[in-house]
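My entries follow the order in which I checked things.

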Amino acid sequence: MLQMNEYPRKQKAPPAAPRRQGARRPRADILRQLKEIGLELFTRDGFHATTVNDLVAKAGISRRTFFRYFGSKEDVVLSWIEDETQAAWPLLLDRSPDEEPLTAMRRAFAKLARRHVHDLENTRRWMTLIFGTPSLRARFDSEVARCQSKLDAALETSGPGDRYALFKVRVQNAAAVAAYISAMQAWIAEGNDDSLDFLVSAAFDALVPEQGLHENAGRPGRRRDPVQLIPNESERK
């Protein structure tokens, strides 16, 4: 029982739980930080001179954490290509059935080029790093070939009576990808921040439309199937 002049004591609030040490940061934050640090160190010190230890020291993480996200330092650079692929894929597939593949690709790559307007310097640094490092360029070419194969299948629109539809799609896709890469290389070499859109457009202007398949149909002599690039046994003899 309370006595006079006594007041009930306030209950003390429970102490706040201590902040857990080593709590995981969001995956997206770590990925973004490692890409930014990788680009900084690779550009400043050189790709081969920069080690995984340099990356983790700069990022303030452990090697174990690094390898949870990337299998190697090459994968840090290649992740930029994956980002490009993910951005390009819906653009490349946004095509009406009656639109020529080359026209659709030109439109898609023009949109992809415009994505870099607000980040031209980092785009140039990534591409310079990739094209200037043989091991990265080999990985880049392999990724391009894989994506191009998927694109061929996605854009195939072979109709009845058109024997060369798939062949035409493959040729136009290969030409479009080569045109875009050539434009990027020229843009890097020129060092002109405002020229990327122009060079992509100029690269596609340089592609001469294929005219020979059906025009040659009436010419004398047996017409060779263009898909049959390897001669058969009778032709070898």
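**Entry 1: handedness.** I needed one term before starting. A crossing is left-handed if the near helix is turned anticlockwise from the far one by less than a right angle, and right-handed if clockwise. I also noted that this is a predicted model.

**Entry 2: H1 and H2.** I looked up H1 and helix H2, residues 52-59. Their axes lie 10 Å apart, and the packing angle is about 125 degrees. Angles of 65 to 115 degrees count as roughly perpendicular and those over 145 as roughly antiparallel. H1 and H2 are therefore oblique to each other. H1 crosses H2 in the right-handed sense. Next I listed who touches whom. H1 brings Gln33, Leu34, Ile37, Gly38, Glu40, Leu41 and Phe42 to the contact. H2 answers with Asp54, Leu55, Lys58 and Ala59. I sorted the residues of this H1 and H2 contact by class and got six nonpolar, two polar and three charged.

**Entry 3: H8 and H9.** I moved on to helix H8 (residues 165-190) and helix H9 (residues 196-205). Their axes come within 8 Å and cross at roughly 140 degrees. H8 and H9 are therefore oblique to each other. Their crossing is right-handed. On the H8 side I wrote down Ala176, Ala179, Tyr180, Ala183, Met184, Ala186, Trp187 and Glu190. On the H9 side I wrote down Leu196, Leu199, Val200, Ala203 and Phe204. How many residues of the contact of H8 with H9 are nonpolar, polar and charged? I found 12 nonpolar, no polar and one charged.

**Entry 4: H6 and H8.** H8 also packs against H6, at an angle of about 105 degrees. The two axes are 10 Å apart. That angle makes H6 roughly perpendicular to H8. From H6, the contact uses Leu120, Thr123, Arg124, Met127, Thr128 and Phe131. From H8, it uses Ile181, Met184, Gln185, Trp187 and Ile188. By class, I have seven nonpolar, three polar and one charged for H6 with H8.

**Entry 5: the largest cavity.** I searched the whole structure for cavities of 30 Å³ or more and found two. The largest cavity has a volume of about 390 Å³. I found 20 residues lining it. Thr85, Ala88, Phe109, Val144 and Tyr180 lie nearest its centre. Which helix gives the most to the lining of the largest cavity? H4 does, with seven residues. H4, helix H5 (101-114), helix H7 (134-155) and H8 each supply at least two residues of this lining. Sorted by class, the cavity lining has 16 nonpolar, two polar and two charged residues.

**Entry 6: the largest pocket.** About 310 Å³ of space lies in it. The pocket has 13 lining residues. Trp80, Asp83, Asp119, Asn122 and Trp126 lie nearest the pocket centre. Helix H1 (27-45), helix H4 (73-93) and helix H6 (120-131) each supply at least two lining residues. The largest share comes from H1, with four residues. I counted the classes in the pocket lining too: three nonpolar, three polar and seven charged.

**Entry 7: looking back.** I set the two linings side by side. The largest cavity has 16 nonpolar and two charged lining residues. The largest pocket has three nonpolar and seven charged.

Key. Residues numbered from 1 in each chain as written. Predicted model: local features only at pLDDT ≥ 70, side-chain atom pairs only at ≥ 80, totals over all residues. Heavy atoms only, no water. 1 Å grid on protein atoms, 1.4 Å probe; cavity = no way out; pocket = protein on both sides within 12 Å on 5 of 7 lines; lining within 4 Å. Points joined across faces, edges and corners; volume = space filled by probe spheres on them. Nonpolar A, V, L, I, M, F, W, Y, C, P; charged D, E, K, R; others polar. Axes fitted to C-alpha atoms, helices over the stretch in contact; angles between N-to-C directions. Parallel < 35°, antiparallel > 145°, perpendicular 65-115°, else oblique. Contact = heavy atoms within 4.5 Å.
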